[in-house]
Amino acid sequence: MADIEEIRKKIMDELFDYSYDIICGTKTVINELREGRESDTEELFNLVIQGINWEIEVFNSCESFINRDTERVDKSHMAAAVSRLGKILPEKDDVKLAACLEVDFLPFLKNMKDAAEAY
């Protein structure tokens, strides 16, 4: 059985590798929501949300490790961001969705990348 440190290392490596893609995808979908949807914007948006959910799961599983030497991710801010997104989604307002992704989730994704890099 792998020891916990080995598992954390693998998770942080995967998180770091994935961070570039999810940050780029998030920026792309923010731009498309603001500037005009493309034919695949909805699909990209759904993939970004799935990616954010994965990173939230990683955070929830590794919170004490990610925030071990400094608070990189504030759990209450993350919960508030998820709540805001849940309220905005039914409105189908692209400008509000873009703002939520940019203000609430992009910093979270960058902080998670930094945490993985620091490992």
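Predicted model: local features only at pLDDT ≥ 70, side-chain atom pairs only at ≥ 80, totals over all residues.
**View 1. The aromatic pair of Y18 and W54.** Rings of Phe, Tyr and Trp (for Trp the six-membered ring) pair if their centres lie within 6.5 Å, and planes under 30 degrees apart count as stacked, over 60 as edge-to-face and the rest as tilted. The ring centres of Y18 and W54 lie 5.3 Å apart with the planes at 80°, so this pair is edge-to-face. Distant parts of the chain are linked by the pair, since Y18 belongs to helix α1 and W54, 36 residues apart from it, to helix α2; helices are DSSP runs of H or I with at least four residues, numbered from the N terminus. Y18 counts as partly exposed at 27% relative accessibility, and W54 is likewise partly exposed with a relative accessible area of 29%, where buried means under 20%, exposed over 50% and partly exposed in between (1.4 Å probe, protein chains only).

**View 2. The aromatic pair of F65 and Y119.** With ring centres 4.6 Å apart and planes at 65°, F65 and Y119 form an edge-to-face pair. This pair also links distant parts of the chain, joining F65 in helix α2 to Y119 in the segment after α4, 54 residues apart. F65 counts as buried at 7% relative accessibility, while Y119 is partly exposed at 27%.

**View 3. The largest nonpolar core.** A nonpolar core is a set of buried Ala, Val, Leu, Ile, Met, Phe, Trp, Tyr and Cys residues joined through side-chain atoms within 4.5 Å. Among the 34 residues of the largest one, M12, I66, L101, F108 and M112 touch the most other members, and at least two core residues come from each of α1 (4-35), α2 (41-66), α3 (75-88) and α4 (94-118). Not counting residues up to four places away in sequence, I66 touches M12, V58, F59, R72, V73, M112 and A115, a contact being heavy atoms within 4.5 Å.

**View 4. V48 in helix α2.** V48 is buried, with a relative accessible area of 2%. Apart from its neighbours within four places in sequence, V48 is in contact with I22, G25, T26 and V29. Between the C-alpha atoms of V48 and L109, which are 61 residues apart along the chain, the separation is 11 Å.

**View 5. The lining of the largest pocket.** The residues that line this pocket are R72, V73, D74, H77, M78, A81, R84, D104, F105, P107, F108 and N111. Helices α3 and α4 each supply at least two residues of the lining, and α4 gives the largest share, 5 residues. On a 1 Å grid over the protein atoms alone, a pocket is an open set of points where a 1.4 Å probe fits, with protein on both sides within 12 Å along at least five of seven lines, and lining residues have an atom within 4 Å of a point.

**View 6. K92 in the loop between α3 and α4.** Although K92 is not a glycine, it has a positive phi of about 55°. K92 counts as exposed, at 70% relative accessibility.

Terms used. Residues numbered from 1 in each chain as written. Heavy atoms only, no water.
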